[in-house]
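Hi there,

Here is the structure I promised to pass on.

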Amino acid sequence: MRAVTLDEFGGPEVMRWAEVPDLPPPGPGEVAIDVTAAGVNRADLLQRQGNYPPPPGASEIIGLEVSGVIAEVGAGVADWSPGDQVCALLSGGGYAERVVVPATQVLPIPAGLDLAAAAALPEVAATVWSNLVMRAGLRAGQLLLIHGGGSGIGTHAIQVAVSRGARVAVTAGSPGKLDRCKELGASVLINYHTDDFAAILRELGGADVILDNMGAAYLERNVAALAEDGQLCVIGMQGGVRAELNLAALLGKRGTVHATNLRRRPATGPSSKAEIIAELRRHLWPSIADGTVAPVVHAEVPVAEVARAHRLLDSDETVGKVVLRIRD
């Protein structure tokens, strides 16, 4: 089969579409998927640079989510059959013609959704739902602050929050991205180049939940922006990994800081990928099928142009997700 390989760690030019060894057939509880498309994520860029190695046992091939058609099923798999159109959450291996994945990490294509566009869903949906709903318990009437509102995570989180009756504030770096966030339902628009998000949130009474992709660089201001009993959910470290936490400020608000990682969660059991995927299918997939929540895809790029896909994701002009088209 063919897959994207790395000549070395570095810029987008180190990736190439090449022949690699075929995968073994699916084992018990697994399915093999012939990949139609793969979602491109910030984690992919970090792995390409050598800064985000896959967990033990995962494929070295980049790619954390795919859509496609089931080719084979392993022993004990009762819910899926060859020919089913699906999307799946992976620990690695997505930039390839075929993947093998636990059946518990597979989801059906929501009714009416394009097969390739569905590749933009599993990673962002699992990240957003596990943090905002399963961990923070976001509910109607609360104020959510999303950093990076124009990202794949951000555009999805806006829609999920609005569908649950929450009010949404976002930060983004351009008027164009803020306008798109407004179209998706955000009501408080903050340009992080010119505005002090902490001061704006304090004037509004504070954020009940903050979804943060920046980490260290925003920690002090995030705590300042929290409402009483507020929750800070840290899902990324684009702004660094070390910062000083003012415990007095956090205690004064009875605040909570959560830091979560999706890729290294166990496959099954408490807080597992299987648990999250089951929640998505039960509670979120109906909202995608009826159009309440939709993937925001900035561009579909042929896999032979994978370097361009990575540059697009890193561009200030990109809103939402970039999808790699593996096959027609």
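Predicted model: local features only at pLDDT ≥ 70, side-chain atom pairs only at ≥ 80, totals over all residues.

I started with the cysteines. The count of disulfides comes to 0, and a pair would need its sulfur atoms within 2.5 Å to be counted. Take C181: this residue is in no disulfide, and the nearest cysteine sulfur, which belongs to C233, is 18 Å away. C181 is also buried, because its relative accessible area is 0%, and buried means under 20%. C87 is another buried cysteine, again with a relative accessible area of 0%.

The largest pocket has a volume of about 1300 Å³. Its lining is made up of 48 residues, and the ones closest to the centre are R42, N213, I235, G236 and Q238. Helix 2 gives the most, with 5 residues. Sorted by class, the lining of this pocket has 17 nonpolar, 23 polar and 8 charged residues.

N213 deserves a click of its own, as one of the residues closest to the centre of the largest pocket. You'll find N213 in the loop between strand 11 (207-212) and helix 6 (219-225). Is N213 buried or exposed? N213 counts as buried, because its relative accessible area is 15% and the cut-off for buried is under 20%. Leaving out residues up to four places away in sequence, N213 touches H147, G148, I235, G236, M237 and Q238. Among these contacts, I235, G236 and Q238 are also listed with the residues closest to the centre of the largest pocket.

Then there's the second largest pocket, with about 380 Å³ of space. Here 21 residues form the lining, and L23, A58, S59, G92 and V100 are the closest to the centre. Which element gives the largest share of this lining? That would be strand 6 (residues 98-102), with 5 residues. By class, the lining of the second largest pocket splits into 12 nonpolar, 6 polar and 3 charged residues.

Cheers, and happy exploring!

Key: Residues numbered from 1 in each chain as written. Heavy atoms only, no water. Buried < 20%, exposed > 50% of the residue type's maximum accessible area, 1.4 Å probe, protein only. Helix = DSSP H or I, 4+ residues; strand = E, 2+ residues; numbered from the N terminus. Contact = heavy atoms within 4.5 Å. 1 Å grid on protein atoms, 1.4 Å probe; cavity = no way out; pocket = protein on both sides within 12 Å on 5 of 7 lines; lining within 4 Å. Points joined across faces, edges and corners; volume = space filled by probe spheres on them. Nonpolar A, V, L, I, M, F, W, Y, C, P; charged D, E, K, R; others polar.
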